[in-house]
Amino acid sequence: MEMNLTLTTLLDYIGTFAFAISGVRLAAAKNFDLFGAYVVGFVTAVGGGTLRDMMLGVRPFWTTNEAYLIITAIALLFVIIFRKHVVKLDNTFYFFDAIGLGVFTVVGLERSLMADQSMWVSIIMGCITGAAGGMLRDIFINEVPLIFRKDIYAVACVIGGLVYYCCTLLDAPQALPAILAAVTVIVVRLLALKYGISLPSLKGENEDVEPWRPRRRDKRGR
Amino acid sequence: MEMNLTLTTLLDYIGTFAFAISGVRLAAAKNFDLFGAYVVGFVTAVGGGTLRDMMLGVRPFWTTNEAYLIITAIALLFVIIFRKHVVKLDNTFYFFDAIGLGVFTVVGLERSLMADQSMWVSIIMGCITGAAGGMLRDIFINEVPLIFRKDIYAVACVIGGLVYYCCTLLDAPQALPAILAAVTVIVVRLLALKYGISLPSLKGENEDVEPWRPRRRDKRGR
Amino acid sequence: MEMNLTLTTLLDYIGTFAFAISGVRLAAAKNFDLFGAYVVGFVTAVGGGTLRDMMLGVRPFWTTNEAYLIITAIALLFVIIFRKHVVKLDNTFYFFDAIGLGVFTVVGLERSLMADQSMWVSIIMGCITGAAGGMLRDIFINEVPLIFRKDIYAVACVIGGLVYYCCTLLDAPQALPAILAAVTVIVVRLLALKYGISLPSLKGENEDVEPWRPRRRDKRGR
């Protein structure tokens, strides 16, 4: 196992750990067994990047680095051992989780650019890298994905992507676009959490919306 | 943005709009936030074609054309602005939705043929292109996919695919297979809706079916 | 349709049949229509291998062999015709299902090795090939995937993969690693079923775990 610990790698691993913890804990809340909890933790951590790589037509990133598998195992052990204390660490996790979101977004965006995708596609790929793992996690535990209903999450990725784009327009030197974009994602995410900012929800039409079914004029009651 | 408005493109965009509308409305019924509703609308519209492209090993079709992203945004705005009137337009939407189903099916089938797949695989790919978006939408909003339980939907795609196949067997000229197949899908779909035709459902065995679990002989009650 | 009936192929088809039966029966329990039941059966049977092939960047295996489509159709017919007697055959199905699990795991592992993946990635790919179809089935019928909560299932695939790995380390001749690995999966699976062995479940923290949401200190009741 190659342990090339640059700062990006370290932050990437911290984010992986935080994402895996969130998957393991939600799986535990549903009484999944140890293996199930491990799988959900792993999918939460690497699912977004895997979906991106499948769309870009490259092999999933985790297949060339055992670290993600090992970090997920550590996260599982961590939850088992410190079960009762994990809750108290929540605010730490939110911070780590935000770091992961920022780093994943930028890594995803840059991999997509390297694969010759356009900027707007890359912003979407960054967003998928950051946010799709949590979405897959919620599908696995059979819940409506939280990112669609609460807080600002994926939107932070989009804003970070736009910051990246503006930096490149302004010919920002070297690593600056990446750093500014990641910091933006993290700050937006943490501010949204701190002040409880969320997007307005779209109110339904107060009746069952069934697609593909002509509405009867004479329907009464139900 | 290239706006090459041939008739196929126009019909493709109309179908995209109708599919996105159905995603946004169902997301609204679940109180998704604006971003969540947008994502569900987008996935409903492009999910089937994306799954097809991932299987064929080509890049998702929407990455080369911003139109799908923009049309989904328009669909979201449309639902927000005309919320109360959207219901009255239902019969229009069913018509548009059927157009989308027909066009998506044929586009998917032909892309698969162009990727050197056999005819029967291409018929399946056409079916996935037309029907999988709605299936993904239902998974995202945590409902049992409607296409598995109601009406004739994906079956219309299969019938259209068979018509395409027969046309090629008969050496039909040029665009005729595509046109006949799309029209078949649309007509079958609209007739099924109008007359409430659906496939028989498979009745369960009236007990919990748990896979992989040997049945105890002495089990009583529950 | 090429009917190259080697022993591996025969066992592969038996496994496909058993997997498809489990999909069709669970779809029937949810009152899916005939087409929906067919799709769920097909996805249960080929979903794991398809996911593997999409990750490996090759075309889904079933696109080069109609057999899987036809076997699923036979499974559907079988359930329709023998509906009342299917239950009595349960113990036969568990046996077939275990055979499928063993064969799928080894086939997946070897295809991954042939695609130049490392051994540990191939073990994961074998596990996905064997177990992901059942997971997708449960997502389609909107249930929490059983493999995450009950019995030893995917873990049997992992153990089989490790046996394969040990055999190659010991320079086992020819087909021996494949045979030993498949037999291991089958035996582990059947023993786990017979003796009701399962992994311990991870107990939740006895409260709603909502990710990404800072915990309020003063929260009371709910």
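Student: How far apart are the end C-alpha atoms of helix α6 of chain A, and which span should its 22 residues have?
Tutor: This is a predicted model, in which local features need pLDDT of at least 70 and side-chain atom pairs count only at pLDDT 80 or more, while totals for chains, interfaces and linings use all residues. Residues are numbered from 1 along each chain as its sequence is written. Helices are DSSP runs of H or I with at least four residues, numbered from the N terminus, and the expected span is 1.5 Å times one less than the number of residues. For residues 119-140 that should give 32 Å, which agrees with the end C-alpha distance of 31 Å.

Student: At which residue does α6(A) bend?
Tutor: The bend is the angle between axes fitted to the seven residues ending at a residue and the seven starting there. For α6(A) it is about 45°, at Ala131(A).

Student: How many of the 22 residues of α6(A) are buried?
Tutor: Buried means under 20% relative accessible area with a 1.4 Å probe, protein chains only. α6(A) is mostly covered, and its buried residues number 21.

Student: By what turn can chain B be laid on chain A?
Tutor: Copies are superposed by least squares on C-alpha atoms of residues with pLDDT of at least 70 in both. The RMSD is 0.0 Å, the shift along the axis is 0.0 Å and the turn is 120°. The two copies are thus related as by a three-fold rotation axis.

Student: Which residues of chain C does Trp62(A) contact, leaving aside neighbours within four places in sequence?
Tutor: Contact means heavy atoms within 4.5 Å. In chain C, Trp62(A) meets Met55(C), Trp120(C), Ile124(C) and Met125(C).

Methods: Chains are lettered from A and ligands numbered from 1 in the order in which they are written. Side-chain values use heavy atoms; hydrogens and water are left out. Helices (H or I, at least four residues) and strands (E, at least two) are DSSP runs, numbered from the N terminus. Buried means under 20% relative accessible area, exposed over 50%, partly exposed in between (1.4 Å probe, protein chains only).
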